[in-house]
Amino acid sequence: MIVTVRSSIKNRLENDLYSFEGKGLLNKQILRFVENKIHNELRMELDKVVFIRKKENEGTFYFTFQEKKNTFLEYSGAVGTLKIPLYTERMLKKENKIEIDYILNETEKFLLQIAYE
């Protein structure tokens, strides 16, 4: 099903906000959309959310979010693979909306919001 997607990532320490609005494809619990040549895939599972961001010729970022758990942001690209510690402070999953507060590398705080209809 084709849906309208609104997403934003906010750096909570520096108060920087990046947002996007466009079309996407929703198939069961997987949402796919393209923003500025970055292919995004959001996999909504029962106890976790996996967010994949892939830019051709530049690499892929794999975010694994599980509320109140330590996981990793995994980067895979031409220079190899890198794992960055990720802690999910809060994960709110509502119908057609996800909000995730997370900390990267124990210091960088972010808020990810994705809504679709």
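Analyst: Start with two strands (DSSP runs of E, at least two residues, numbered from the N terminus). β1 (2-11) and β5 (49-55) each give at least two residues to the lining of the largest cavity. This is a predicted model, where local features need pLDDT of at least 70, side-chain atom pairs count only at pLDDT 80 or more, and totals for chains, interfaces and linings use all residues. Residues are numbered from 1 along each chain as its sequence is written, and side-chain values use heavy atoms, with hydrogens and water left out.

User: What is a cavity, and what is a pocket?

Analyst: Rolling a probe the size of a water molecule over the atoms shows where empty space is left. On a 1 Å grid over the protein atoms alone, a cavity is a set of points where a 1.4 Å probe fits but cannot get out; a pocket is an open set with protein on both sides within 12 Å along at least five of seven lines. Lining residues have an atom within 4 Å of a point. Points join across faces, edges and corners, and volume is the space filled by probe spheres set on them. Here, one cavity reaches 30 Å³ or more. The largest cavity holds about 40 Å³.

User: Which residues line the largest cavity?

Analyst: S7, S8, I9, Y18, E35, F51, R53 and L112. β1 supplies the largest share, three residues.

User: How much space lies in the largest pocket, and which residues line it?

Analyst: About 250 Å³. Its lining is I9, Y18, R53, F61, F63, L73, Y102, L104, E108 and F110. β6 (59-65), β9 (97-104) and β10 (108-116) each give two or more of these residues.

How values were computed. Helices (H or I, at least four residues) and strands (E, at least two) are DSSP runs, numbered from the N terminus.
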